[in-house]
Amino acid sequence: MNINYRDQIPDNFSPASRVWIYQCSRLFFLSEALQVEEILQQFVSNWKSHGATVQGYGNLFFGQFIVLMADESEAGVSGCSTDSSVHIIKEIEKLFKVDLFNRQTLAFIIKDKVQLLPLAQLNYAVENNFINGSSIYFNNIVTTKKELLESWLIPVKDSWLSKKINHLLVTGIE
């Protein structure tokens with residue numbers, strides 16, 4: 001699995017650009033992925049904030065993660081402009097019958113595939129060696145372009161999850 005996503009992030013956006021990541025409850029089919037990308041491109045090309053054009057970016061990564069980015073150096077994104085981005089994500093949910101707002105499902109790269117795991121099953125996954133400190137975790141709580149580039153795909157041991165898995169730290173599971 002090629003996990004090099006950084007070359008698809010626009011260079012001309014400020015490192016402080018705001019980022020929103022929406023994780024899909026399943027992999028989009030190829031035909032759906034093409035539609036999603038078209039919807040995102042149409043949205044960002046018309047994204048406005050209080051009448052000003054937002055320098056926006058939207059893309060589907062790994063067939064399962066929608067990333068929206070707004071460079072706020074020209075026009076800030078808040079209120080109605082943020083609502084419009086949420087609205088487009090809800091439209092995608094409805095169109096493809098998927099969940100894009102479940103923050104209780106975690107994503108990892110396991111055996112060269114994106115695998116989803118309910119948060120409630122995290123300790124079980126660690127205890128049974130499905131997940132360890134070196135497992136790559138999709139840290140979907142990043143909020144800026146800089147964080148997206150540096151901290152989106154990180155080892156579990158470097159993420160907030162390490163605090164949730166007590167024995168991971170105690171035993172040093174790698």
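Buried means under 20% relative accessible area, exposed over 50% and partly exposed in between, with a 1.4 Å probe and protein chains only. The model is predicted, so that local features need pLDDT of at least 70 and side-chain atom pairs count only at pLDDT 80 or more, while totals for chains, interfaces and linings use all residues. Residues are numbered from 1 along each chain as its sequence is written, and side-chain values use heavy atoms, with hydrogens and water left out.

**View 1. The pair of Tyr5 and Phe61.** Phe61 is buried, with a relative accessible area of 3%, and Tyr5 is buried at 1%. Their ring centres lie 6.2 Å apart with the planes at 85°, so the pair is edge-to-face (rings of Phe, Tyr and Trp, the last by its six-membered ring, pair if their centres lie within 6.5 Å; planes under 30 degrees apart count as stacked, over 60 as edge-to-face and the rest as tilted).

**View 2. The aromatic cluster.** Ring pairs link Tyr5 and Phe61 with Phe62, Phe65, Phe138 and Trp152 into a cluster, and the structure holds 17 aromatic pairs.

**View 3. The pair of Tyr124 and Phe130.** This aromatic pair is tilted, at 6.3 Å centre to centre and 35° between the planes, and both Tyr124 and Phe130 are exposed.

**View 4. Surroundings of Val36.** Leaving aside neighbours within four places in sequence, Val36 is in contact (heavy atoms within 4.5 Å) with Phe28, Leu60, Ile66, Ile92 and Phe96.
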